[in-house]
Amino acid sequence: MALVRPSTDCPDPMCEDGITLHLGHPCPKCTERRADRRRGRVPAQRNNGPTLQWWECQGNDCSAAGRGRPPEDGLCQHCQAREEHKKIQNATAHLLAETQTAQEAERLRHSIRWERMLNDAYTQHAEYTRTEQDHEETKQRAAATAAETHRLRQQLLRQHPELAPYTQHQP
């Protein structure tokens, strides 16, 4: 396996045992690394990629684990979906509460409007009834006045028959 896998000493993937494969010349990077070792400086090993690490979900009552780069929020995909579902539910509940509040306010406005209309109708009816009563009272007073006037004229004509030719109304 060590002969087939890439070298951990050289960062150039075309280098094998210090020889560049496609050119057949000594690898300049390996030559430089050997010189550095002779001078006492040891270069860092080639990084073969990110190391995979184990992580555990940080969600409540969740025992999921994964290997690789841990999520930023520390939650597995199931817990992330659950959190997103909770956010949607909370937003929906908030919108529902706002809608119910708006509907209740609209109902209150309608009831106030209907109450005003009903009060106006009662007021108009009372005025109409009072006007009718006043009209009836006026008729009764006029009839009483006419009857009294007729009675007084009749009485005057009986007491003074000589005035009968001067009256407009004949007995």
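Trainee: How far is the sulfur of C30 from the closest cysteine sulfur?

Mentor: This is a predicted model, in which local features need pLDDT of at least 70 and side-chain atom pairs count only at pLDDT 80 or more, whereas totals for chains, interfaces and linings use all residues. Residues are numbered from 1 along each chain as its sequence is written, and side-chain values use heavy atoms, with hydrogens and water left out. A disulfide is a pair of cysteine sulfur atoms within 2.5 Å. The closest cysteine sulfur to that of C30 belongs to C15 and is too far for a bond, at 3.3 Å.

Trainee: Is C30 buried or exposed?

Mentor: The classes rest on relative accessible area: buried is under 20%, exposed is over 50%, and partly exposed lies in between (1.4 Å probe, protein chains only). C30 has a relative accessibility of 9%, so the residue counts as buried.

Trainee: Which residue holds the cysteine sulfur closest to that of C62?

Mentor: C62 is itself partly exposed, with a relative accessible area of 21%. Its sulfur lies 3.5 Å from the closest cysteine sulfur, which is too far for a bond; that partner sulfur is in C79.

Trainee: How many disulfides does a search of the whole structure find?

Mentor: A disulfide is a covalent bond between the sulfur atoms of two cysteines. Across the whole structure, the number of disulfides found is zero.

Trainee: In which helix do K86 and E83 lie?

Mentor: Helices are DSSP runs (H or I, at least four residues), numbered from the N terminus. K86 is partly exposed at 42%, and E83 is partly exposed at 35%. The two residues are three apart, so about one helical turn separates them within residues 77–159, which form helix 2.

Trainee: What is the N to O distance in the salt bridge of R107 and E104?

Mentor: R107 and E104 are three residues apart in helix 2, and therefore about one helical turn separates them. R107 is partly exposed at 48%, and E104 is partly exposed at 47%. Their side chains meet in a salt bridge with an N to O distance of 2.7 Å.

Technical notes:
A salt bridge is a side-chain nitrogen of Lys or Arg within 4 Å of a carboxyl oxygen of Asp or Glu.
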